[in-house]
Amino acid sequence: MDEMDPISGQPEPERPRDDEILEPIADFADKTRQDGWKRFFSFETLYFPVFAHYVFIVFVVLVLLVGLGGIVAAFSLMARVGFSDGMYGLLQSVATVAVLIVGGRLWLELTMVVFKMNEALQDIRRHVTKLK
């Protein structure tokens with residue numbers, strides 16, 4: 001009798017024997033290595049969507065560092081010139097950081113939309129050429 005799954009109460013599916021499990025094809029890895037540079041220079045594979053996340057993280061870190069410098073400068077201005085001038089510089093620094101982060105995110109999203117449109121157009125082209 002089949003063993004029962006303790007959670008679902010259903011019989012457990014049969015598992016393949018060791019001799020039934022297929023080995024991976026080694027030729028695929030060799031072909032990928034050979035075509036790597038060819039694909040890299042042909043621009044058929046787009047790498048920016050992979051790196052966009054990291055680009056945004058680096059951008060946010062740089063903007064926060066510049067914003068921190070602006071905040072320090074605003075406190076220095078408060079001590080040297082006056083409270084109102086320093087407070088204006090502080091608010092300006094915080095607002096600039098917020099606008100730059102949101103603007104950078106929007107720019108990256110628009111760029112990603114262009115890449116997604118490119119992928120969709122390539123899929124359409126492949127489908128149309130198969131129909132011919």
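The model is predicted, so local features are taken only where pLDDT is at least 70 and side-chain atom pairs only at pLDDT 80 or more, while totals for chains, interfaces and linings use all residues. Residues are numbered from 1 along each chain as its sequence is written, and side-chain values use heavy atoms, with hydrogens and water left out.

The chain contains three helices and zero strands, and its elements follow the order α-α-α from the N terminus; helices (H or I, at least four residues) and strands (E, at least two) are DSSP runs, numbered from the N terminus. Among the contacts in the chain with a separation of 6 or more, 52% join residues 24 or more positions apart, where a contact means heavy atoms within 4.5 Å. Of the 132 residues, 14% count as buried; buried means under 20% relative accessible area, exposed over 50%, and partly exposed in between, with a 1.4 Å probe and protein chains only.

One aromatic pair is present in the structure. The ring centres of Phe48 and Phe115 are 5.5 Å apart and their planes stand at 25 degrees, so the pair is stacked. Rings of Phe, Tyr and Trp (its six-membered ring) pair if their centres lie within 6.5 Å, and planes under 30 degrees apart count as stacked, over 60 as edge-to-face and the rest as tilted. This pair links distant parts of the chain, with Phe48 in helix α2 (residues 48-80) and Phe115 in helix α3 (residues 83-131), 67 residues apart. Phe48 is partly exposed at 24% relative accessibility, whereas Phe115 is buried at 18%.

The structure also holds two salt bridges, each a side-chain nitrogen of Lys or Arg within 4 Å of a carboxyl oxygen of Asp or Glu.

| Salt bridge | N to O distance |
|---|---|
| Glu109 and Arg105 | 2.7 Å |
| Arg126 and Asp123 | 2.8 Å |

Glu109 and Arg105 are four residues apart in helix α3 and therefore separated by about one helical turn. Arg126 and Asp123 also lie in helix α3, three residues apart, which is about one turn of the helix. Glu109 is partly exposed at 38% relative accessibility, and Arg105 is partly exposed at 45%.

Arg105 has a further contact, with its charged end over the ring of Phe56, 5.8 Å from the ring centre; a charge sits over a ring if NZ of Lys or CZ of Arg is within 6 Å of the ring centre and within 35 degrees of the ring normal.
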